Structure formats: structure tokens, C-alpha cells
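Keep the viewer open and try each task before reading on.

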Amino acid sequence: MPDTARDSDRILREAKRSLLTQRNGGTHRPAPRARSIGKASAELKTKALLKKVRNIALAVFAIWVGAGIFSAIVGPLLFWGFMATLVATVVAVGVLAMSGKVKVPQRAELKQGNPAQMVARTELWLEAQRPALPPPAQALVDKLGVQLDALGLQLKGLSPDEPAMAEVRELVGEYIPETIDNYRKIPAHLRGEEYAGKTADARLVESLEKLSGEVDRVTRRLAEGALDDLAIKSRYLEYRYGGAEALEDGTGMPDTGVPLPDFSAIPTKQER
């Protein structure tokens with residue numbers, strides 16, 4: 001008979017290893033470096049790319065126009081003139097292609113600027129920190145990117161003097177980056193060791209979950225104003241026009257004060 005005890009031990013070990021992997025966030029594939037965690041940072045990268053393409057096109061155009069003017073005034077470029085123009089084009093394209101990259105903002109810059117700038121900078125900063133975080137924390141960073149996009153929409157049109165704006169700047173520009181910075185200060189070989197009952201990885205995930213919940217709470221609270229306005233408008237329309245059913249049967253039409261003629265009182269035309 002085959003030795004089933006050895007197989008049972010192997011199955012138990014593999015099950016424990018699988019359970020431990022799932023508790024640590026499961027198996028994650030590394031994300032592409034160019035992937036953005038939110039729309040705000042993606043738009044910022046797109047603008048930088050379009051600006052780079054524009055500068056390259058202008059540089060190439062200027063080089064070849066200059067070569068044409070030189071050829072018209074001085075004389076034909078011939079072989080060496082053409083090669084010099086071609087080399088200048090390649091150098092210009094290479095230099096401009098290497099420049100103009102989106103720089104990772106500093107922590108002090110995260111809470112500056114208008115809401116759109118603050119959200120975009122924070123997303124860029126989080127993207128730069130993401131590879132150094134454990135897989136469960138990377139998933140939470142991705143979630144924060146989506147939440148920050150939603151929060152940025154709610155902040156549009158909000159006065160800088162509003163108390164909510166100061167709360168958001170503190171949450172987004174201080175608490176989130178400070179949590180990740182404190183984790184990254186811990187040596188990599190110590191992050192998996194327990195300290196005061198928990199590992200640094202576990203504490204980071206726990207803190208990011210709380211911050212994610214707080215971002216969601218602030219977004220919902222800011223959205224309540226828009227929801228209240230929509231409810232008031234809906235009630236007004238229902239009062240003014242009587243709702244959808246009244247519009248269908250005509251009973252909800254507004255009273256203009258002008259009586260309609262009584263068509264029943266008009267004598268009908270007699271038949272000949």
C-alpha cells in the first residue's frame with residue numbers, strides 16, 4: 001500500500017502555506033510601472049506626454065526649415081550638410097524625449113495648490129511609493145487612487161476657506177504620506193517581525209484601511225450637499241408640475257390665470 005501519511009503531511013503543509021499567502025493579501029502580479037492609480041495622475045502624465053511630442057515636432061520643424069533657408073541662401077547642403085541636419089534631428093529628438101518627464105512631487109507639495117493639483121500630486125507620490133509596499137498595501141493604494149478621484153470631484157468649487165478643505169488637506173497631504181513614510185523608515189528585514197503584537201506590514205495595512213475609510217467618509221459627507229440640492233429640486237418639480245403621472249394626464253399643467261373657452265356652449269353647425 002502507498003504511504004498515505006507522507007502525502008497527508010505534504011497536503012497539510014501546502015494548505016497552511018496557501019492560507020498564510022491569502023492572509024497576507026494573496027498572490028499579486030507586479031503592476032506595470034506606467035500604470036496610474038487614478039485619473040488625475042493619468043491626466044497629468046498625458047499632458048506631459050503631449051507637451052513632449054509638441055516640443056519634438058517644433059524642434060524637428062525648426063531644424064529642417066533652418067536647413068532649407070541655409071540651402072536657399074548659401075547653397076545646396078550636399079551630402080555632409082544633409083548628414084549634419086539628420087544628426088541634429090536625431091540629437092534633438094533624443095534630448096527632448098529624455099526630458100519633460102513628470103517629476104514625483106515632494107511631501108511638502110502634496111497639500112498645496114487647488115484640489116485638482118493636490119489630488120494629482122498625491123496620486124503621483126503614492127505611485128512612486130507603491131513598489132516598496134507589501135501586496136495588501138499596494139491594493140489599498142490602488143483603492144485610494146479611485147477614492148481620491150471621487151474626492152477631487154467633490155472639492156471642485158469648494159472655497160479654500162471652508163473647514164472641509166482644511167480637513168482634506170490634512171488627511172491627504174499629511175496623514176496618508178506620513179503613514180507610508182514611517183513604514184519605509186523601517187529596515188526591510190525588520191518589517192515582517194512582530195513588535196508589540198503586530199508586524200510593520202500588518203500595521204501599515206491596518207492604517208491604510210482606516211485612511212481609506214476616512215477618505216470615503218469625507219467624500220460622502222461632501223456629496224450630501226449635492227444630494228440635498230437634488231432632493232429639493234425634485235420636490236419642487238413634483239410640487240410645480242405634479243409629478244410624472246400628472247404630466248401624462250395633463251392635470252399637472254401650471255395655472256396661468258386665463259380660463260379656457262367652454263367649447264360645449266358653442267352651437268354646432270346645422271346640417272342642410
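**Exercise 1.** Does Glu-214 count as buried, partly exposed or exposed, and at what relative accessibility?

*Solution.* Start with the ground rules. This is a predicted model, in which local features need pLDDT of at least 70 and side-chain atom pairs count only at pLDDT 80 or more, while totals for chains, interfaces and linings use all residues. Residues are numbered from 1 along each chain as its sequence is written, and side-chain values use heavy atoms, with hydrogens and water left out.

Next, apply the cut-offs: buried is under 20% relative accessible area, exposed is over 50%, and partly exposed is in between (1.4 Å probe, protein chains only). Glu-214 has 27% relative accessibility, so it counts as partly exposed.

**Exercise 2.** Find the salt-bridge partner of Glu-214, then follow the network onward.

*Solution.* A salt bridge needs a side-chain nitrogen of Lys or Arg within 4 Å of a carboxyl oxygen of Asp or Glu.

- Step one: Glu-214 pairs with Arg-217, with the closest N and O atoms 2.4 Å apart. Both lie in helix H7, 3 residues apart, about one turn of the helix. Helices here are DSSP runs (H or I, at least four residues), and strands are runs of E (at least two), numbered from the N terminus.
- Step two: shared partners join Glu-167, Glu-214, Arg-217 and Arg-221 into one network of salt bridges.
- Step three: the side chains of Glu-167 and Arg-217 meet at 3.0 Å, N to O, in a salt bridge. This pair links distant parts of the chain, with Glu-167 in helix H6 and Arg-217 in helix H7, 50 residues apart.
- Step four: Glu-167 is partly exposed at 23%, and Arg-217 is partly exposed at 35%.

**Exercise 3.** Where does Arg-130 lie, and which side chain does its own side chain contact?

*Solution.* Look in the loop between H4 and H5. With 12% relative accessibility, Arg-130 is buried. Its side chain makes a polar contact with that of Asp-142 at 2.9 Å. The term means a pair of N or O atoms within 3.5 Å; within protein, one must be able to donate a hydrogen and the other to accept it, and residues adjacent in sequence count only if both atoms are side-chain atoms.
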